[in-house]
There are 2 protein chains.
Amino acid sequence: VEGATFVVAVSGGADSVSLLLAVEELQRRKKLRLEFVAAHFNHGLRGKESDKDEAFVRKLAGKLGLEFESERWTTRKKGGNLEQAARDARYEFLAAIADKYQADGVLTGHTLDDQAETFLLRLVRGSGPDGLGAMAAVRPLNKKIGRQLVRPLLAWARRADTEGFCRAAKVKYRNDPMNEDEAFLRVRVRRQLIPLLQDMNPQAVPNLAALAGLLRDETAELSKLGARHLAAAQEVSKDTIDVTVLKELSAAMRKRVLRLWLEQRRGGLRRLDMKHLAAVERLVLQGTGGKTAELPGGERVSVRKGRLIFRKMKVEKSLPEN
Amino acid sequence: VEGATFVVAVSGGADSVSLLLAVEELQRRKKLRLEFVAAHFNHGLRGKESDKDEAFVRKLAGKLGLEFESERWTTRKKGGNLEQAARDARYEFLAAIADKYQADGVLTGHTLDDQAETFLLRLVRGSGPDGLGAMAAVRPLNKKIGRQLVRPLLAWARRADTEGFCRAAKVKYRNDPMNEDEAFLRVRVRRQLIPLLQDMNPQAVPNLAALAGLLRDETAELSKLGARHLAAAQEVSKDTIDVTVLKELSAAMRKRVLRLWLEQRRGGLRRLDMKHLAAVERLVLQGTGGKTAELPGGERVSVRKGRLIFRKMKVEKSLPEN
């Protein structure tokens, strides 16, 4: 990675400040020809405090002699899930900065604790095995080839370690009071659920993070296998699949192949839930022609001559008013 | 199953009493030629109260006109895990009663709540994806072919439903005060962890039980696949496997194949932990001849000419004292 450029996402908390200090030290000590850009997304959710966070990161980047980029969130809409919208906007900003600097990747300061929290948050919300894989240590940043999102601390660093690291380096960090607001489910996971689990088993956090990694690997293995079964069932046409192939699979693999097929045909899993998937599965098992499963967004799956058929409904043009 | 005989495990709690009432009613109403035997294992851990539980179940079985069998635990040893030893002794008793009556299976009253508790107990203890599959709704009772352990309530009945069922039937049930003793991790899971999770999501218990089922199906799928890879790698001899085959697998599948191999060669996974498995995996990846991984129980795995070799150590006879 000699000569590579990375954008470091810095909120100002102990974890991302530690990450920034560590990569800067690595670059300086080893005299690596690496470039780092500190990037701060100002969610603007806490007025002056948000601006102080931004000023703090700007100053820190300056001291370390690094480029600094920031943006204030202005496209915020009313309603919906605030955390999700904030995350989407933040990643969009990071990708734009990566583009600007032609960076090889974006680094974030997520720790082992964040991984355990994500696992538990998804467990509480009712995720299946795939969702419980939580965060990837490395994943594509977006559809641009070769640009990665990398989480160097995810597999080993505890949040408390990053606080100790900052103290030892005599660098201050910012505390986000939203991390204390128990109206957010994530905060309840952090402040109520994790302490209880740790009290039952002191190794709870590293165990959960390791479990997430195992589930990520194993569900990826199943999806790889599922994709092969799907390709076999799709030989005739992409929009139809062979019911005979599906019937030969175990229930678990059949569910996975159907989900992969619908994801591929619909361009995503959005709004598709267990209920829709169960309806499509019933078509396979009953095999009765003429029956139809309705999907969200007006798509339909039906059975005919031993094949499942996927159809996007045509949007009917309304007659012009007279 | 016309003419079949089932042993019903009855502790005297609302869940197993409900199960007994339900199967007896089924038999009576539908005039099915089914035989049920009520079986109670008296752990004797609570003196007179344990004997009252036994007397209660005996009387209930008598009222319902069912055969009754019981045994008092006498083989209890000091030390070790009391819950585990009690469970082992109970299942041994149930299997003996199934033998005596030439029964087709044993029914237990485990509910959806028990399934969620088992999942969480294993999560807390650090189980991997296989352990989180929790309890099977149907599994072989032991190595005798065709005799099953069946948990008819596992996939749908809530514990509170069984209490309501007993009240509606005007049948009393016994409460086990050990279910209240927070010295047991399972009781802490039930009384602290589950209420917190339910407060975060009212659907937590059914969600966790469904997740356990999904994990059970998916890990079974992976193990089936792993067994095929193992067979391919074992073609030359059962005690050695081909490193080339292992290297081509994903990390997740390689771990699974190695674990299956060691389970097969050792006759079980007892005392084998992540550390041993990691040592064997390093042999595969480094492929350095001469290196050895020590397993508990004096077994060894080494690498030679591209094959992993499993060896049980010979027990050295000590020289007779002079």
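In which order do the four strands of the open sheet with antiparallel pairing stand in chain A? In this predicted model, the order is β7-β10-β9-β8. The strands β7 (240-242) and β8 (292-294) of chain A stand at the edges, and each has a single partner strand, so one side of each is left without a neighbour in the sheet. On average, neighbouring strands of this sheet are turned by 20° against each other, direction ignored.

Take one pair from this sheet. Strand β9 of chain A covers residues 299-304 and strand β10 of chain A covers residues 307-312; the two pair in the antiparallel sense over six bridges. One residue pair can be picked out: A:E299 has A:K312 in β10(A) as its bridge partner.

Two helices belong with this sheet. Helix α9 of chain A, residues 251-266, lies across β7, β9 and β10 of chain A and runs at about 30° to β10(A). Helix α10 of chain A, residues 274-286, lies across β8, β9 and β10 of chain A and runs at about 170° to β8(A).

Chain A also holds an open sheet of six strands, in the order β3-β2-β1-β4-β6-β5, and its pairing is mixed. The edge strands here are β3 (67-72) and β5 (138-140) of chain A, each of which pairs on one side only. In this sheet, neighbouring strands are turned by 25° against each other on average, again with direction ignored.

Helix α2 of chain A, residues 48-63, lies across β2 (35-42) and β3 of chain A, running at about 165° to β3(A).

Now consider the two chains together. Two copies of a chain are related by a rotation about an axis and a shift along it. Here a rotation of 180° with 0.1 Å of shift along its axis superposes chain A on chain B, with an RMSD of 0.1 Å. The two copies are therefore related as by a two-fold rotation axis. The same surface serves both copies, and 100% of the contact residues of chain A recur in chain B.

How many residues of chain A are in contact with chain B? There are 35, and they meet 35 residues of chain B. The size of an interface is often given as the accessible area lost when the parts come together. Chain A and chain B bury about 3000 Å² between them, with 71% of it on carbon and sulfur atoms. A:M200, A:E218 and A:E221 supply 20% of the area that chain A buries against chain B, more than any other three residues.

Charged and polar groups also meet across the interface. Four salt bridges are found between chain A and chain B, and eight residue pairs are in polar contact. In one salt bridge, the side chains of B:E218 and A:R256 meet at 2.9 Å, N to O.

The elements that give two or more residues to the side of chain A that touches chain B are α4 (112-125), α6 (185-200), α7 (204-233) and α9 of chain A. The largest share of that side, twelve residues, comes from α7(A).

Note on methods
Residues numbered from 1 in each chain as written. Chains lettered and ligands numbered in written order. Predicted model: local features only at pLDDT ≥ 70, side-chain atom pairs only at ≥ 80, totals over all residues. Heavy atoms only, no water. Least-squares fit on C-alpha atoms with pLDDT ≥ 70 in both. Contact = heavy atoms within 4.5 Å. Pairing = 2+ DSSP bridges. Axes fitted to C-alpha atoms, helices over the stretch in contact; angles between N-to-C directions. Buried area = accessible area lost by both parts, 1.4 Å probe. Polar contact = N/O pair within 3.5 Å; in protein donor to acceptor, adjacent residues only side chain to side chain.
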